[in-house]
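Open the model in your viewer and keep the selection panel at hand. Each stop says what to select and what is there.

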Amino acid sequence: MAGPLVVSDAWRWRGVHWHAYLLPRSDTARWRYRHVRLETAPDAVLADPVAVADWIERHTRARIQRRRTWAPAEQRWVSCGDAEELARARRMHLAIASRGDSLYVDVPTASGVICLFVEAISDEHCTHPYPDPGPGEAA
Ligand SMILES: [Zn+2]
């Protein structure tokens, strides 16, 4: 399948990993700039696109307010936050991360919107200690 959902290995030759931040929407004025976020210790450091997709899915699943909403493009009701929706989002996040790109995801929760910032950063620009990739993953 061609298109935006293709999973590639571009992230490898771009030499990136990701710094992940979980912030309430009410706090995002001060976090608006990428450089400000990157100067802050991340909530998680993610080594590969699967870890990115897992992290986003885990935090989305734990917090999202499930509801039904009308999808004009599809002319049908869709369930926001159900298993099918989460699986589709996960696949999209995996594809985006595999290109070595950053991801920004808003999660509607019962108490307001949570923003997930997952910043791609090249290994050479990272100022935080890079975690051990673990057995079998070492270059
Ligand atoms: Zn880093």
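**Ground rules**

Residues are numbered from 1 along each chain as its sequence is written. The model is predicted: local features need pLDDT of at least 70, side-chain atom pairs count only at pLDDT 80 or more, and totals for chains, interfaces and linings use all residues.

**Stop 1: the whole chain**

Colour by secondary structure. The protein chain has four helices and six strands. Helices (H or I, at least four residues) and strands (E, at least two) are DSSP runs, numbered from the N terminus. Along the sequence the pattern reads α-β-α-β-α-β-β-α-β-β.

Of the 139 residues, 20% count as buried. Buried means that 20 or more other C-beta atoms lie within 10 Å of the residue's own; exposed means 12 or fewer, and partly exposed is in between, with C-beta atoms placed from the backbone. Now turn to contacts, which join two residues whose C-beta atoms, placed from the backbone, lie within 7 Å. Among contacts with a separation of 6 or more, 70% come from residues 24 or more positions apart.

**Stop 2: the four-stranded sheet**

Select β1 (16-24), β2 (44-46), β5 (103-109) and β6 (112-122). They form an open sheet in the order β2-β1-β6-β5, with antiparallel pairing. Two strands pair if DSSP finds at least two bridges between them. β2 and β5 are the edge strands, each pairing on one side only. On average, neighbouring strands of this sheet are turned by 20° against each other, direction ignored. For such angles, axes are lines fitted to C-alpha atoms, for helices over the stretch in contact; angles run from 0 to 180 degrees between N-to-C directions.

Zoom in on β1. Nine bridges join β1 to β6, and the two run antiparallel. H19 has E119 in β6 as its bridge partner. A20 is partnered by V118, also in β6. Now look towards β2. Three bridges join β1 to β2, again antiparallel. Here W18 stands opposite L46.

**Stop 3: helix α3**

Select residues 49-63. This is α3, with 15 residues. From first C-alpha to last it reaches 21 Å, close to the 21 Å expected at 1.5 Å a residue. The expected span is 1.5 Å times one less than the number of residues.

Which residues of α3 are buried? They are P49, V52, A53, W55, I56 and T60. Look down the axis of α3: the buried residues fall within an arc of 160°, so they line one face of the helix. The arc is that of the directions from the helix axis to the C-beta atoms. On the other side, R58 and A62 are exposed.

Next, show what surrounds the buried residues of α3. They pack against α1 (10-14), β1, β2, α4 (83-98), β5 and β6.

**Stop 4: helix α4 and the crossing**

Select α4. It has 16 residues and reaches 22 Å from first C-alpha to last, close to the 22 Å expected at 1.5 Å a residue. Its buried residues are H93, I96, A97 and S98. What covers them includes α1, β1, α3 and β5. Just after α4, G100 takes a positive phi of about 85°.

Now display α3 and α4 together. Their axes come within 8 Å and cross at roughly 145°. The crossing is right-handed. A crossing is left-handed if the near helix is turned anticlockwise from the far one by less than a right angle, and right-handed if clockwise. The α3 residues that meet α4 include P49, V52, A53 and I56.

**Stop 5**

Select residues 67-71 and 76-80. How many of the five residues of β3 are buried? The number is zero, so β3 lies largely in the open. β3 and β4 pair in the antiparallel sense over five bridges. R68 has S79 in β4 as its bridge partner. Four residues lie between the strands, and Q75 in this hairpin takes a positive phi near 55°.

**Stop 6: S102**

Finish on S102, in the loop between α4 and β5. It has 17 C-beta neighbours inside 10 Å, so S102 counts as partly exposed. Leaving aside neighbours within four places in sequence, S102 is in contact with V118, E119 and A120.
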